[in-house]
Amino acid sequence: MSLIDNLLDYLRGPEKKTAVMAKERLQIILAHERAGRNAATPDYLPALQEELLEVIAKYIHIDRDKLKVQLEKHGEYDVLELNVTLPENQQVL
Amino acid sequence: MAKVIVVTSGKGGVGKTTTSASFASGLAMRGNKTVVIDFDVGLRNLDLIMGCERRVVFDIINVINGDAALSRALIKDKHCDNLFVLPASQTRDKDALSLEGVERIINELKETFDYIVCDSPAGIEHGAFSALYFADEALVVTNPEVSSVRDSDRILGILAAKSKRAVEGLDPVKEHLLVTRYNPSRVAAGEMLSVDDIQEILRIPLLGVIPESESVLQASNSGTPAIHIDKSDVAEAYKDMVARFMGDDVPMRFVAAEKVSLFKRLFGGH
């Protein structure tokens, strides 16, 4: 490289460094993967889902797949999320 | 009380065996009775790195199957009196490595040795699992490169969830970060993740930084653990890391790039 090129490079300063990209990409993917790992861990979730279904079935007819039980991590908190989709025409037993 | 330390990483080729050989040698050089076990059944290489490949007669699977006594399978290291190698089997498949068998061997080794170093194979399958299951401490070997950092994170998850200590609810496995193949000038140029970046992402204490170096290949060529290569920065870095592991307060070296002058940057120095 000529003196001019070197001087220009020096004055131009850094472009976006790949190390910075690496760090950002890792932070995003690992936050995602860790959340998945932690959410998958509790083995009581399927049993909890079954029992909830039984309780709900006493009052409302819902399909098995209309009840979702998930454990998510939001920062420092674990959030247990129950999602029950009620049928359009609710039939009270 | 004997300690079991697994050298692990998830990813292959990051320096687990190089580290196992040098770490075990370093512990032995400091007077500790040490044994290093190759868990890479089917692809054994620790024997080559330690330079004892011609002296392998029995291996870990022979001992597990009762074909040979443990004492007959242990190979005395040629550099250190306190160091022994337990080779992996080259012919058997990895399923022969039963957890009960590994436990029996580790318990027997605990009677004689201060440190039991387990050189894990790459991956997260049976061999890697057997290597980490009985660990009290873990050296997580990581290169400053995205796939290595991600795989290390995965291994940390497995240590925290599936090791014996985790399963039995004991104190967790003590984790140490070892960054290998580090190139401070590339870090300074913004082309490589820094030690601080890696530590911030993995969130475990840093035990050492091993610089990228030509002497590692020379060490493996000659069957000499890199810690014995006189005057090399890699040997110094491994000695520092062993000292820290033993509780000494040793400052980090080989993390800063040599300063390049403005003159050199303008006129080119290379």
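What follows is a chat about the labels used for this predicted model.

Colleague: Let's start where the chains meet. How many residues of chain A are in contact with chain B?

Modeller: 16 residues of chain A are in contact with 21 residues of chain B. The area buried between the two chains is about 1,800 Å², with carbon and sulfur atoms giving 58% of that. On the chain A side, A:Lys23, A:Leu26 and A:Arg34 lose the most area to chain B, together 29% of what that side buries.

Colleague: What makes A:Arg34 and B:Asp153 a salt bridge?

Modeller: Their closest N and O atoms are 2.6 Å apart. The cut-off is 4 Å between a side-chain nitrogen of Lys or Arg and a carboxyl oxygen of Asp or Glu, so a pair inside that distance gets the name.

Colleague: Which elements give two or more residues to the side of chain A that touches chain B?

Modeller: Those are α1 (3-12) and α2 (18-40) of chain A. The largest share, 11 residues, comes from α2(A). By class, that side of chain A has 8 nonpolar, 3 polar and 5 charged residues.

Colleague: How do you know that B:Glu200 and A:Lys23 form a salt bridge?

Modeller: Their side chains meet at 2.8 Å, N to O, and the limit is 4 Å, so the pair qualifies. This pair crosses between chains, from helix α10 (residues 195-202) of chain B to helix α2 of chain A.

Colleague: Why is A:Lys23 called buried?

Modeller: Because A:Lys23 has 17% relative accessibility, and buried means under 20%. B:Glu200 is at 45%, so B:Glu200 counts as partly exposed; that label covers what falls between 20% and 50%.

Colleague: And what about B:Arg150 and A:Glu33, where does each of them lie?

Modeller: B:Arg150 is in helix α7 of chain B and A:Glu33 in helix α2 of chain A, so this pair crosses between chains too. Their side chains meet in a salt bridge at 2.5 Å, N to O. B:Arg150 has a relative accessible area of 36%, which makes it partly exposed. A:Glu33, at 23%, is partly exposed as well.

Colleague: Let's move on to chain B itself. Why is B:Val242 called buried?

Modeller: B:Val242 has 1% relative accessibility, so B:Val242 counts as buried; the label needs a value under 20%. B:Val242 lies in helix α12 (residues 233-245) of chain B. Leaving aside its neighbours within four places in sequence, B:Val242 is in contact with B:Phe23, B:Gly26, B:Leu27 and B:Arg30.

Colleague: What makes B:Asp240 and B:Arg253 a tie between parts of chain B?

Modeller: B:Asp240 lies in helix α12 and B:Arg253 in the loop between α12 and α13 (262-267), so their pair ties together parts that are 13 residues apart in sequence. The closest N and O atoms of this salt bridge are 2.9 Å apart. B:Asp240 is buried, with a relative accessible area of 9%, whereas B:Arg253 is partly exposed at 34%. Both belong to a network of salt bridges that also links B:Glu236, B:Lys239 and B:Arg244.

Colleague: Why is B:Ser163 called buried?

Modeller: B:Ser163 has 0% relative accessibility, so B:Ser163 counts as buried. B:Ser163 sits in the loop between α7 (146-162) and α8 (164-167) of chain B. Not counting residues up to four places away in sequence, B:Ser163 touches B:Leu132, B:Tyr133, B:Ile158 and B:Val173.

Colleague: Now the sheet in chain B. Why do β3 and β8 stand at the edges?

Modeller: The 8 strands form an open sheet in the order β3-β4-β2-β5-β1-β6-β7-β8, with mixed pairing. β3 (75-76) and β8 (206-211) each have a single partner strand, so one side of each is left without a neighbour in the sheet.

Colleague: How do you know that β1(B) and β6(B) pair?

Modeller: They share 4 bridges, in the parallel sense, and at least two are needed, so they count as paired. β1(B) also pairs with β5(B) in the parallel sense, over 5 bridges. B:Ile5 has B:Glu137 opposite it in β6(B), and its bridge partner in β5(B) is B:Val117.

Colleague: What makes β1(B) mostly covered?

Modeller: 5 of its 6 residues are buried.

Notes:
Residues numbered from 1 in each chain as written. Chains lettered and ligands numbered in written order. Predicted model: local features only at pLDDT ≥ 70, side-chain atom pairs only at ≥ 80, totals over all residues. Heavy atoms only, no water. Contact = heavy atoms within 4.5 Å. Buried area = accessible area lost by both parts, 1.4 Å probe. Nonpolar A, V, L, I, M, F, W, Y, C, P; charged D, E, K, R; others polar. Buried < 20%, exposed > 50% of the residue type's maximum accessible area, 1.4 Å probe, protein only.
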